[in-house]
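Let's take a walk through this one together. Have the sequence and the 3D view open, and we'll go from a single side chain out to the sheet and the whole chain.

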Amino acid sequence: MQKRGQINAYFVYAVLALLILGATILFGFSRVDDVEQTASKAQVLSLKSKISNDISLMADDYGSVSVKAYNVPEGIAKVCFKDTETKQVSAGLASAYPLLREGAEENNNMFFIYDNGLIESFDVGNVEVLGPHSICYSREQGFVKIKLKGQGNKAQINEDFIQEVPSGE
């Protein structure tokens, strides 16, 4: 017989079980979020690596032209390039994205501009951008398509950067 004012042991066990279950669920959700962030970083590095490799291959192949399609991860709004020979981006890009200046001064020549305004910059090899020496292209339906021309020691990207979605991919 239970005395008045005493708590039933089953109640205590139930509360402890709920606390343990709640902590486990919170821990699990935080791990899932960490896995998603790691996967997103891997996709960005994979895109950077693919573009860098294609630029290196095309740079050595004088006169050849190749159109490459790249799947751009969710969250990246624009992919930008800057001529390797210049230390600055065009005035229009610099005013729209002031952080691009810092990456350009560090000799980086490819930039990912994220939806949240963050900018990540990379050096992807010797690139020549005709015209204003820098250019940005918006992610369209998850893709960008780039026309590269080999110049013997650098790859050329110019205004006829193709922005349509590849068919069947």
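Does V12 count as buried, partly exposed or exposed? At 37% relative accessibility, V12 counts as partly exposed, where buried means under 20% relative accessible area, exposed over 50%, and partly exposed in between (1.4 Å probe, protein chains only).

Before going on, a word on the ground rules. This is a predicted model, so local features need pLDDT of at least 70 and side-chain atom pairs count only at pLDDT 80 or more, while totals for chains, interfaces and linings use all residues. Residues are numbered from 1 along each chain as its sequence is written, and side-chain values use heavy atoms, with hydrogens and water left out.

Back to V12, which sits in helix α1 (residues 9-60). Helices (H or I, at least four residues) and strands (E, at least two) are DSSP runs, numbered from the N terminus. V12 also belongs to a nonpolar surface patch of about 890 Å², together with I7, Y10, F11, Y13, V15, L16 and L19. Patch members have over 30% relative accessible area and no salt bridge (a Lys or Arg side-chain nitrogen within 4 Å of an Asp or Glu carboxyl oxygen), and nonpolar side chains (Val, Leu, Ile, Met, Phe, Trp, Tyr) are joined within 5 Å. Areas come from the Shrake-Rupley method with a 1.4 Å probe, and for residues only the protein chains shown count as cover.

Now the strands. Four of them form an open sheet with mixed pairing, in the order β1-β7-β8-β5; two strands pair if DSSP finds at least two bridges between them. β1 (65-71) and β5 (127-129) are the edges, each with a single partner strand, so one side of each has no neighbour in the sheet. From one strand to the next, the twist averages 35 degrees. Seven bridges hold the antiparallel pairing of β1 with strand β7 (residues 143-150), and there K68 stands opposite I146 in β7.

Next, look at strand β6 (residues 134-138): four of its five residues are buried, so β6 is largely enclosed by the rest of the structure. Strand β2 (residues 76-82) runs antiparallel to β6, joined by five bridges, with C80 opposite C136 in β6.

Zooming out, the protein has three helices and eight strands, following the pattern α-β-β-α-α-β-β-β-β-β-β along the sequence. Buried residues make up 34% of its 169 residues. The accessible surface comes to about 10500 Å², with 55% belonging to carbon and sulfur atoms.

Definitions and conventions
Axes fitted to C-alpha atoms, helices over the stretch in contact; angles between N-to-C directions. Patch = residues over 30% accessible without salt bridge, like charges linked within 9 Å, V, L, I, M, F, W, Y side chains within 5 Å.
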